[in-house]
Amino acid sequence: MDAAMEMSVRRRHEEKQTFGEDSAAHVARSHFRVCRFIIESGVKLGMHSVPMASACTIYHKFFEETAIENYDPYLVAMAAIYLAGKVEEQHLRARDIINVCHRYLNPQTEPLELDTRFWELRDSVVQCELLMLRVLDFHVSFEHPHKYLLHYLISLRNWVNRHMWKRTPVAVTAWAVLRDSYHGTLCLRHQPQHIAIAVLYFALQCYGVEVPGDATAERAWWQVFSEGMTKNTIDAIVTELVQIYEMDAKP
């Protein structure tokens, strides 16, 4: 067993004990855990939000083309982090990625030495990166909802009561929900503008904040932001977000 496989075999065995080997729940739960691994490792590596989102999207895109049983998902995740850093011009050293990810997966062990095991793992990450590029036909640059959410938040801040906006963490919640959305495959199936609107809608609903004049206006606030947006689309995205949080709540 090479170093990359050794890093994750224990976690995969634990997941298989919880779900059946071919169960859709097992696959969804596995992807959820690996994306959490990407996000938490990204935070420790100092990744910005967009490179982190790209890493998750690359991961999801790769496993849209192949089954999770065919490749070690944690190795794919490490390669996705490495590749996303290059794509989004936030270059990360392979050594830093390996050390942080190894520590995450093996919290009780000592940091890796620069020995044969380290170089085997580094080679595995680099080879996996090349494989992902070929499988994805080098289409690894994506448009994310972040710039749209920023624009919508600034616009909405000017609409609502400023005192309510200051005491209600709508913006903080919206950014957190957007980050959490990458635990699932929303990024593959919905337009970035629609995800940004649905995330903001969800955050407003969480705190019971109403947009002034929305009830009497000819168009809802979310239609002003995106003419192609529908309430059905918002509801579909919010439902998937709730499912992500329900999965997070499961032991």
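Helices here are DSSP runs of H or I with at least four residues, numbered from the N terminus. With that in hand, welcome to a few close-ups of a predicted model.

**View 1. Histidine 60 sits in helix H3.** Helix H3 covers residues 49-65, and histidine 60 is one of its buried residues, with a relative accessible area of 4%. Look for a polar atom of the histidine 60 side chain, which lies 2.8 Å from the backbone oxygen of glycine 184. Beyond its neighbours within four places in sequence, histidine 60 is in contact with Cys35, Tyr182, His183, Gly184, Thr185, Cys187 and Leu188.

**View 2. The largest pocket has a volume of about 290 Å³.** Its lining is made up of 17 residues, and Ala28, His60, His183, Gly184 and Thr185 are the closest to the centre. Two or more lining residues come from each of H2, H3, helix H10 (186-189) and helix H13 (231-249).

**View 3. Helix H3 is largely enclosed by the rest of the structure, because 12 of its 17 residues are buried.** The buried set is Pro51, Met52, Ala53, Ser54, Ala55, Cys56, Thr57, Ile58, Tyr59, His60, Phe62 and Phe63. Their cover includes H2, helix H4 (73-87), H6, helix H7 (146-157) and H10. From its first C-alpha to its last, H3 reaches 25 Å, close to the 24 Å expected at 1.5 Å a residue.

**View 4. Helix H2 runs from residue 24 to residue 44.** Its 21 residues reach 30 Å between the first and last C-alpha, close to the expected 30 Å. Buried residues of H2 include His26, Arg29, Phe32, Cys35, Phe37, Ile38 and Ser41. After the helix comes glycine 46, with a positive phi near 75°.

**View 5. Serine 41 is a buried residue of helix H2.** Serine 41 counts as buried because its relative accessibility is 0%, and the cut-off for buried is under 20%. Setting aside neighbours within four places in sequence, serine 41 is in contact with Ile81, Val100, Cys101 and Tyr104.

**View 6. Helix H6 spans residues 116-135 and is capped at its N-terminal end by aspartate 115.** In the cap, a side-chain oxygen of aspartate 115 lies 3.2 Å from the backbone nitrogen of arginine 117. H6 has 20 residues and reaches 28 Å from first C-alpha to last, close to the expected 28 Å. Buried along H6 are Phe118, Leu121, Ser124, Val125, Cys128, Glu129, Leu131, Met132 and Leu133. Just after the helix, aspartate 137 takes a positive phi of about 55°.

View 7. Cysteine 101 is buried, with a relative accessible area of 0%.

Technical notes: Residues numbered from 1 in each chain as written. Predicted model: local features only at pLDDT ≥ 70, side-chain atom pairs only at ≥ 80, totals over all residues. Heavy atoms only, no water. Buried < 20%, exposed > 50% of the residue type's maximum accessible area, 1.4 Å probe, protein only. Expected span 1.5 Å × (residues − 1). Polar contact = N/O pair within 3.5 Å; in protein donor to acceptor, adjacent residues only side chain to side chain. Contact = heavy atoms within 4.5 Å. 1 Å grid on protein atoms, 1.4 Å probe; cavity = no way out; pocket = protein on both sides within 12 Å on 5 of 7 lines; lining within 4 Å. Points joined across faces, edges and corners; volume = space filled by probe spheres on them.
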